[in-house]
Amino acid sequence: MTELSGLFVEKPQSTIAIKGKDITFVAKVDSSTLLRKPALKWLKGKWLDLGSKAGKHLQFKESYDRDSKIYTYEMKIVKVVDGDAGGYRCEVTAKDKCDSCTFDITVEASQEDQKANILEAFKRSGEAGEDEGELDFSGLLKKREKKQEEPKEEVDVWSILKKAKPCDYEKIAFQYGITDLRGMLKRLKKMKVEPKKCDAFLKKLEAAYSVDKGKKIQLTVEVANPDAQIKWLKNGTEIKPSAKYVFESVGNKRKLTINKCTLADDAAYECVIGEDKSFTEVFVKEPPVTITKLLDDLHVVVEDKVEFEVEVSEEGANVKWMKDGVELARDGKYRFKKDGKKHWLIINEASKEDIGMYYVFTNGGESKAELEVEDKELEVLQSIADLTVKAAEQAIFKCEVSDEKVTGKWYKDGVEVKASNRIKMVHIGRIHKLTIDDVKAEDAGDYTFVPDGYALSLSAKLNFLEIKIDYVPRQDPPKIHLDTTGSMVNKNTIIVVAGNKLRLDVEISGEPAPTVCWTKGDNVITETEGRVRVDNRKTLSSFVIEGAERGDEGRYTITVTNPAGEDKAELFIKVVDVPDPPEGVKCMGVGEDTATIIWEPPKFDGGSPIKGYLMERKKVGSSRWTKLNFDIYESTSYEAKKMIEGVLYEMRVFAVNGIGVSQPSCSSKPFMPIAPTSEPTRLTVDDVMDSACMLKWRPPDKIGAGGIDGYIIEYRKEGDTEWIQANSEPVEKNSYTVRGLPTGEKMEFRVMAVNIAGRSPPAVMAQPVTIREIIEQPHIRLPRHLRTKYVRKVGEKINLVIPFQGKPRPVVNWFKDDEPLDPKKVSVRTTEVDTILFIRSAERDHSGTYTLSVQIENMEDKASFEIRVVEKPGPPLAVRVTDVWGFNAALEWKPPKDNGNSDISGYIIQKADKKTKEWFMVYEHNRRPNCTVSDLVMGNEYVFRIFSENICGLSDEAGLSKNTAVIAKTGLAYNRPPYKEKDLNTSPKFTQPLQDRSVIAGYSTAISCSVRGRPKPKIIWMKNKTIIGEDPKYLMQNNQGVLTLHIRKPSLFDGGNYSCKAVNELGEDVVECKLEVRALAVEKENKK
């Protein structure tokens, strides 16, 4: 829980600012008592975070003094405006501490600004845009304190408003103290005030408009001059045409259409022609939020996690959770969660107190569900046993139960046992111990352990054996019990994060109690107070470091000694921290909208390997840094993209390790992106013919913002100086065939990329090309996976692509087992460079040796490979029991008749006794056709089954043993009493009735109830005692006895009495409810 404490050394003070001037506020925070850097926020009002509004108007600065350990935070407001007036809050937090302070800004206008339009006070705060920020009326309120006069009772304000222009409404409301401007406009609309016409407007805007959220609205005026230029303003700011705001001009009419209205569109609008203006107000209404997925009843046991889930019609909607009529609050017991349209109520550990009915409410619906919680059964894993001990010995009673959270009490002869120096009671996890040291004769008796909250007890007897012995003082050598779990990454090495607390508890033993000594190197640590201290007790030594620092890293030794001996252990404490900032950030190259940045790793990695880096950039002269990557980047060079050509930029880099993010590096020197050009790459000859040559290449390494429009190819004879263009228009592909070349001549080629900036430098062939036909010997390039046996399962698809080479185009032939391939069974498709063998569904007869022949004239190349199609094997044959002795049985069988065209890899043997007929595994992957089954139960008769196994898996059927193995038993036979089956049939009974509801017309609703009965009853829904048939307006659902009737967009005629009847052969039951459908208030007003 965060502790409220005084962290501020200097707080910002309330002040009066002059409009148009700059003002700065300063806050100082003392960090000498803090383990981490504090976080400070500047807030306006209750919730508006000014950090997101940083820019030209709001500027923030932070500095740190290492000597005084004081952080200084500054907020500067450039050219104060009326919207900056109001209440502000400065809040600082640091792990478990926080502090805050408030201050006010009063804005006073200069003498020339006293006559400013009152509408300026209604502008939205912030700089993000006209649709964002909060409506800030504070500037208006400050002026009201100076100018407001008490209205006289005899003045009729509404008469004044009826005669005034719409542009004067705000002034009149301000003068006579009317704060509800929206209600004023609505009332004026109902009073049907006749608008006063002006020269510029033939018809002005209505006083107010209303629109549903998500719909569109159109504002229309008529102007006297069709050629007049108009402006549309929103809250005093001019609106620009966009997909959101559409301007239309038809004759004398001017229209503004607002598409997909949101709550940000709820504002004041005006149309301006010269000096004339027409005002209006737009109100955006939100539809009611309905519940689309109802709550389900839950049945859990104590300490189980409970999650109620509900889904609503709108994302981000607010819901209210209640239990038995009491609203639930967010505390340690209840947790609320939401994701989109889904909402959850979570109870981490259910108890009996949580039983009840839970409700969820929205502004357009509700749902409820019942939670039932049952006690958790306790299981005894180990009971206590009787003990016989001698005098002065130790007696330990020990038991184990299934729940580690269960507590209990120990009793001796019915009297509760109390802990003392000699008697100790320990509860560790599921184990409960009672230890009695130095047993005496009076300790003998009956001991009982009783778990709290359970009707259960465990008893045992302590017998005392009295023997006279001579006392010998006990001496045990000291021993260090070092726990190597927790923060130890390996044996005796502990890692701690800088600034965190390290507490190392080491258990020690020995008699008499040993002496403990902690050392670091040659220095002995004896302090019991301070940042580094030691706390020693009889059986425990604690080593504590408060706020670990880099200097605390090293090898520590703990030594324990007593008269019986000495023990020693070494520990290495490693302190890790965030790394130092990277160094040497600089720009190595630029492109049209890119830049390549390199840097050096930090000198100190914080004791943890560097995971990567985060980069930021900004324009020179700006104070806002932009993140370039959100995922950690591992390299020390980065290509920044999406920059503007001709603009100066700066870069900085953060280092990231397993502990956190470093401070930013020093900014790089300013650099400017400029578009370089480069030639195409990898220009090669793809093919040569008698009078043509095919070229191919790769795109340029660097492409400007204009992209590539195509490529120009040029050629010339070897020794000529003039290049001839091969293509009249640029080609878009990365290959081209130059035709009409002289046969036998040596030709040179070059390629250039073309875009809006012109041609790139050419990519030239290294050597000239002789134009003549090339005969290439056929060669098959058999894929690696076909060089061994190719195995596929029955029913799988076979698609083999085998490339080959050869010029001119070779003749391809396929053979299977030295016979031509049957095209009805196997499909073959051949191109100039490869051939494809395709089998849609493999079968066993597709197995065999396939041969591919590629031939050019008298030259030929062949390649063969084997395809084997396999399936599951058949069951083993002749399974029988050959011998039975003791608790063992010997089995033998024969291999399956069909091995599935694959070797048998093993057998699965299972057994079952004829009483339960449940099969249990005996052996897996048994390779031999025989086995011996052991550990059979005496008195049972067993049967066996065996599955064959190959590469495809187990056989579908098993081979059953023809005979059984009877394990004989001696003694009396037990006659089981006959089992009487309980009759569970019941007549229908409604466990949850229908509830009366009142809904709004046009919004879908649902009514629910729950019923139980066996056999499953038939459900009949009725309205006004008339059965509801297959009407698409109604949807009836039955989910495990929860019955729901959904009514789609009910009208006023859908109201009435609804009933649900459940009928089976044992009886019937009926529940009823009343549904009232109400019309919307807007519809009622329109009817009036």
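Pro-1015 lies in the loop between strand S83 (1005-1014) and strand S84 (1018-1023). Strands here are DSSP E runs of at least two residues, and helices are H or I runs of at least four, numbered from the N terminus. The peptide bond that joins Arg-1014 and Pro-1015 is cis, with omega about 0 degrees. Pro-512 sits in the loop between strand S41 (502-511) and strand S42 (515-520).

The model is predicted: local features need pLDDT of at least 70, side-chain atom pairs count only at pLDDT 80 or more, and totals for chains, interfaces and linings use all residues. Residues are numbered from 1 along each chain as its sequence is written, and side-chain values use heavy atoms, with hydrogens and water left out.

Most residues other than glycine have a negative phi, and most peptide bonds are trans. Lys-1025, however, has a positive phi near 65 degrees. This lysine is found in the loop between S84 and strand S85 (1026-1027). Lys-1025 counts as exposed, at 71% relative accessibility. Lys-69 also has a positive phi, of about 55 degrees. Its loop connects strand S7 (58-65) and strand S8 (70-77). Lys-69 is partly exposed, at 40%. Buried means under 20% relative accessible area, exposed over 50%, and partly exposed in between (1.4 Å probe, protein chains only).

Across the chain, 5 helices and 89 strands are assigned. Of its 1088 residues, 38% count as buried. Among contacts (heavy atoms within 4.5 Å) with a separation of 6 or more, 62% link residues 24 or more positions apart.
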